[in-house]
Amino acid sequence: ADAHARLTLFSPLGQVVALLEGGPAGASLEAADGSRREAADVDTLLPEVLGVDLPAARLPRWIQAAPAADAEVRDLDPAGRPQRVFDQGWRIDYAGYADDTAAATPRRLEISRGDARVRLIIDSWTALP
């Protein structure tokens, strides 16, 4: 199946900062000011959104707390979910989940590598058709 992804980023005050969409046909980034950029893939646009050159191919797995088989899961929380993961030199700390069940989605992640740091707070999850 062709994978499509949409990432909407909000400021701490709730305003949309950017909308990043990607799929087999390419990727697009729409900024709050209405400007739009297109590229062949999300990897090209993601650093503009986050200010850090994260590996876009790994990010969806990190956000879903489903690290790739070659990632190193260092710690699990009491429900058996990833708490600290190392993947391709990046450290992913899961600072919170939606609830205490094993199937709960992540709510807060802190991703770091050297001086590069990204904190993601996930307000809601929506499955795309």
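Does Ala65 count as buried or exposed, and at what relative accessibility? At 17% relative accessibility, Ala65 is classed as buried, because the cut-off for buried is under 20%. The model in which this residue is found is a predicted one.

## Confidence of the model

Over the protein chain, pLDDT averages 87, and 95% of the residues reach 70 or more. Where pLDDT is low, predicted coordinates should not be read in detail.

## The largest pocket

The largest pocket holds about 1600 Å³ of space. Its lining is made up of 44 residues, and those nearest the centre of the pocket are Arg6, Leu7, Thr8, Leu9 and Ile63. Two or more lining residues come from each of strand 1 (5–10), strand 2 (16–23), strand 3 (26–31), helix 1, helix 2 (59–63) and strand 9 (116–121). Strand 1 gives the largest share of the lining, with six residues.

Sorted by class, the lining of the largest pocket has 26 nonpolar residues, ten polar residues and eight charged residues. Both domains take part in the lining: domain 1 (1–51) and domain 2 (53–128) each give at least three residues.

## The largest nonpolar core

In the largest nonpolar core there are 29 residues. Leu50, Leu54 and Leu59 have the most contacts inside this core. At least two of the core residues are supplied by each of strand 2, strand 3, helix 1, helix 2, strand 7 (90–97), strand 8 (106–113) and strand 9. Domain 1 and domain 2 each give at least three residues to this core. In soluble globular proteins, nonpolar side chains tend to be buried together.

## Two residues with positive phi

Ala65 is not a glycine, yet its phi is positive, at about 55°. This residue sits in the loop between helix 2 and strand 5.

Gln88 also has a positive phi, near 50°, and is a residue other than glycine. The loop between strand 6 and strand 7 contains Gln88. Which relative accessible area does Gln88 have? The value is 47%, so Gln88 is partly exposed, since exposed residues are those over 50%.

Ala5 belongs to strand 1 and is partly exposed, at 45% relative accessibility. Ala5 and Gly23 are 18 residues apart in sequence, while their C-alpha atoms are 6.5 Å apart in space.

Asp75 is in strand 5, which spans residues 72–76. The relative accessible area of Asp75 is 29%, so Asp75 is partly exposed. Asp75 and Val49 are 26 residues apart in sequence and, from C-alpha to C-alpha, 29 Å apart in space.

Methods. Residues are numbered from 1 along each chain as its sequence is written. This is a predicted model: local features need pLDDT of at least 70, side-chain atom pairs count only at pLDDT 80 or more; totals for chains, interfaces and linings use all residues. Side-chain values use heavy atoms; hydrogens and water are left out. pLDDT is the predictor's confidence in each residue, from 0 to 100. On a 1 Å grid over the protein atoms alone, a cavity is a set of points where a 1.4 Å probe fits but cannot get out, and a pocket is an open set with protein on both sides within 12 Å along at least five of seven lines; lining residues have an atom within 4 Å of a point. Grid points are joined across faces, edges and corners, and a volume is the space filled by probe spheres set on the points. Helices (H or I, at least four residues) and strands (E, at least two) are DSSP runs, numbered from the N terminus. Ala, Val, Leu, Ile, Met, Phe, Trp, Tyr, Cys and Pro count as nonpolar, Asp, Glu, Lys and Arg as charged, and the others, Gly among them, as polar. Domain bounds come from an automatic or database domain assignment. A nonpolar core is a set of buried Ala, Val, Leu, Ile, Met, Phe, Trp, Tyr and Cys residues joined through side-chain atoms within 4.5 Å. Buried means under 20% relative accessible area, exposed over 50%, partly exposed in between (1.4 Å probe, protein chains only).
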